[in-house]
Amino acid sequence: DTEGLLRIKEENQKHYRRAQRHQEKKEKIQRHNRRLGDLVEKKTYDLKTQYEHLANLRRTHILELTSVIFPIEEVKTSMRDPADVSSESDNAMTSSTVSKLAEARRTTYLSGRWVCDDHNGDTSISITGPWIILPNNGDYSAYYNWVEEKKTTQGPDMEHNNPAHTISAALCYATQLVNTLSLILDVNLPKKLCNRQVKTAGDHEFCGENLSRHRFTRAVKKLNANILHLCFSQHVNLDLLHPLHTLRNLMYLVSPDTENLGR
């Protein structure tokens, strides 16, 4: 029994020394983990700082781009509210009639159906200059009519100020701006739109003439989808966006008031 007790004591001493070594190793691993945790926290802070610096740099580039090359502004029109005009001419008009006139003014017939548009007739959005504007409600029927007239009219088109040219130019500039913004923001666009006019068919959008209604509508939808995708990526207020308001959505995106621009 005495010999057995001595063997057990020796084994216990070995286990105790081994436990001490394991404890030292555990403490060493804990110190190493704390150092790694501090390093990760510092690297995370540095990365966050770099992201903020990059966002500010992107924001500066975008604001410079949209103020010098692609200025987007709201152009006021001189149209008066028919409800106001009618109420001035007839003081006996009821409030219900005035409200109906105001409601009719905010309604637009677009693509075979009536849609509500609060900005209808009040303003337009211009890009690169006050003479290049797009309809607020997304009604590009002037372009379709121009294409139909070109099919039946022979000879060169000398009317450079017609709405079709304005719409085509505005959409072409908007496409160029969106493609440039995607590069600055490092955001991949869901739809491919090319703003170069080359010989290969289908490689240019809005820059060429006589686009069919189907191709034109398809290109506009792709452009609107890209703009909305950029707006979503920069956390633009969703209440401000409308799927048909091409330049207005773009204006909200590059506005200095957009807090997350450049993220």
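Modeller: A residue is called buried under 20% relative accessible area, exposed over 50%, and partly exposed in between, with a 1.4 Å probe and protein chains only. The model is predicted, and local features need pLDDT of at least 70, side-chain atom pairs count only at pLDDT 80 or more, and totals for chains, interfaces and linings use all residues. Residues are numbered from 1 along each chain as its sequence is written, and side-chain values use heavy atoms, with hydrogens and water left out.

Colleague: How many helices and strands does the protein have?
Modeller: Helices (H or I, at least four residues) and strands (E, at least two) are DSSP runs, numbered from the N terminus. Along the sequence they follow the pattern α-β-α-α-β-β-β-β-α-α-α-α. The protein has seven helices and five strands.

Colleague: Of the 263 residues in the protein, what percentage is buried?
Modeller: Contact means heavy atoms within 4.5 Å. Among contacts between residues at least 6 apart in sequence, 64% join residues at least 24 apart. Of the 263 residues, the buried share is 33%.

Colleague: Which strand order does the open sheet of three strands have?
Modeller: Two strands pair if DSSP finds at least two bridges between them. β1 and β4 (residues 123-127) are joined by five bridges and run antiparallel, while β4 and β5 pair in the antiparallel sense over two bridges. The order of this open, antiparallel sheet is β1-β4-β5.

Colleague: Which strands stand at the edges, and why is one side of each left without a neighbour in the sheet?
Modeller: The sheet has three strands in the order β1-β4-β5. Each edge strand has a single partner strand, so one side of each lacks a neighbour in the sheet. The strands at the edges are β1 (72-76) and β5 (133-134).

Colleague: Which residues lie on the two faces of β4, and are they buried or exposed?
Modeller: In a regular strand the side chains alternate between the two faces of the sheet. In β4, T123, I125 and I127 lie on one side and S124 and S126 on the other. Five of the five residues of β4 are buried, and the state on both faces is therefore buried.

Colleague: How far apart are the end C-alpha atoms of residues 5-42?
Modeller: An unreviewed UniProt entry places the feature "coiled-coil region" at residues 5-42. UniProt positions are given in the numbering used here, feature names are shortened, and annotations may be inferred rather than shown by experiment. In the model this stretch is 100% helix and 0% strand, and its end C-alpha atoms are separated by 55 Å.

Colleague: What separates the C-alpha atoms of R58 and G262?
Modeller: R58 belongs to helix α1 (residues 2-68) and counts as buried because its relative accessibility is 13%. Not counting residues up to four places away in sequence, R58 touches I184, L185, D186, G262 and R263. Although R58 and G262 are 204 residues apart along the chain, their C-alpha atoms are separated by 5.1 Å.

Colleague: Which residues of α5 and α7 make the contact?
Modeller: Helices α5 (residues 163-185) and α7 (residues 246-253) pack at an angle of about 35°, with their axes 11 Å apart. The contact is made by L171, A174, L177, V178 and L181 of α5 and, on α7, by T246, L247, L250 and L253.

Colleague: Which residues is N226 in contact with, leaving aside its neighbours within four places in sequence?
Modeller: N226 is placed in helix α6 (residues 213-233). At 1% relative accessibility, N226 counts as buried. Beyond those sequence neighbours, its contacts are V178, L189, P190, K191 and L193.

Colleague: What value is phi of D186 near?
Modeller: Most residues other than glycine have a negative phi, and most peptide bonds are trans. D186 is found in the loop between α5 and α6 and counts as exposed at 60% relative accessibility. Phi of D186 is positive, near 60°.

Key
Axes are lines fitted to C-alpha atoms, for helices over the stretch in contact, and angles run from 0 to 180 degrees between N-to-C directions.
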